[in-house]
Amino acid sequence: MESIKYRELSKEELEKGAERLILELVRNDVAYELAEEIAERIKEVLLGRKIKRIGDNVEELIKSEIQKFLKEEIPENSFELEEGIREAVNEGKLYKVMFIGVNGSGKTTTIAKIAYKIREKYPVLMVCSDTYRAGAIEQLIKLAERLKVRYLKSEYGADPAAVAYDAVKHAESRGIKVVLVDTAGRMQTDRNLMEELRKIKRVLEPQLTIFVFDALAGNDALRQARDFMGEVGFDVAVATRIDADTKGGALLSVLYSVKRPVVYLGVGTEMGALIEFNRDKYLGELLGRI
Ligand SMILES: Nc1nc2c(ncn2[C@@H]2O[C@H](COP(=O)(O)OP(=O)(O)OP(=O)(O)O)[C@@H](O)[C@H]2O)c(=O)[nH]1
Ligand SMILES: [Mg+2]
């Protein structure tokens, strides 16, 4: 008597549910093409699924399926910055971190926050490889002085890769354990930013490359993540301005499309305003609004 209690989900019901899901995801700043892709996958999984004639709610079903799906697609955040540093230190190596991301995304601020986090445990050197933007070098120096963290003063117009190289030599000769390299987010000249970043990366050989993006960038975060991933490559990401009124969908772009973990969230401009990303909390909040 199964057929009395159960019936198959119809294509129409699924189409309707998927449409709604796409709209809700987009409303929460998930890039449209990504929302569409997720909805497609959910439809595939649910097509032909038996549901109770009475009691089962299609919307709820879709919601629980998307939760399951995203949990499988998005890894838990198991990133341990200090583990990487310790490992390098044990091997007698300098731990080199390079920060990339579009202009204004929060790279310099995030560098300062990370320096603040580790400065009492490891000698840190901050350096600005952005030798183009007026004020970029002073901004980093000001933050370093405030934090009482060492810095290397670069010169405007200098080759960014040479600056990174000098920073490594400087750090190695002074027993510094961690070097944080800031980069430009936009070129003032006709030189190609991505090419410049690749060059810095080749010279620096960082153990860690961090992509910084603004959670308020919404749709554009997907394009940024793909560009920086394809052109330069990165290991982990940091989402900033989470304290602003953000719906968080931009994070999904990075987590889902380029398959790199978001490890920290910038939640303000103070130095302590950097918290660890928690996948389940994030998914709970995003799906709670859907
Ligand atoms: N509310 C808020 N503001 C932030 C956060 N992170 C950075 N900002 C602010 O965003 C602005 C830009 O940050 P920067 O760190 O200078 O950005 P950038 O990526 O270094 O920019 P460029 O050097 O131009 O490429 C600054 O005014 C920061 O104070 C955050 O988590 N929350
Ligand atoms: Mg900067």
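Which helix gives the largest share of the shell around ligand 1? In this predicted model, that share comes from helix 6, residues 107–118, with three residues. In total, 21 residues surround ligand 1. The closest are Gly106, Thr108, Thr109, Gly185 and Gly266.

Helix 8 was examined next. This helix covers residues 160–173, 14 residues in all. From first C-alpha to last, helix 8 reaches 20 Å, close to the 20 Å expected at 1.5 Å a residue. Its buried residues are Pro160, Val163, Ala164, Ala167, Val168 and Ala171. Seen down the axis of helix 8, these buried residues fall within an arc of 140°, so they line one face of the helix. On the other side, Lys169 and Ser173 are exposed.

The buried residues of helix 8 pack against several elements. Four are strands: strand 3 (95–100), strand 4 (124–128), strand 5 (150–152) and strand 6 (178–182). Helix 9 (193–204) is also a partner. Just after helix 8, Gly175 takes a positive phi of about 70°.

Strand 9 spans residues 262–266. This strand is mostly covered, with five of its five residues buried. Strand 8, residues 236–240, runs parallel to strand 9, and three bridges join the two. Within this pairing, Ala237 has Val262 of strand 9 as its bridge partner. Gly266, in strand 9, is also among the residues closest to ligand 1.

Notes: Residues are numbered from 1 along each chain as its sequence is written. Chains are lettered from A and ligands numbered from 1 in the order in which they are written. This is a predicted model: local features need pLDDT of at least 70, side-chain atom pairs count only at pLDDT 80 or more; totals for chains, interfaces and linings use all residues. A residue is near a molecule or strand if its C-beta atom, placed from the backbone, lies within 6 Å of it. The expected span of a helix is 1.5 Å times one less than its number of residues. A residue is buried if 20 or more other C-beta atoms lie within 10 Å of its own, exposed if 12 or fewer, and partly exposed in between; C-beta atoms are placed from the backbone. The arc is that of the directions from the helix axis to the C-beta atoms. Two residues are in contact if their C-beta atoms, placed from the backbone, lie within 7 Å. Two strands pair if DSSP finds at least two bridges between them.
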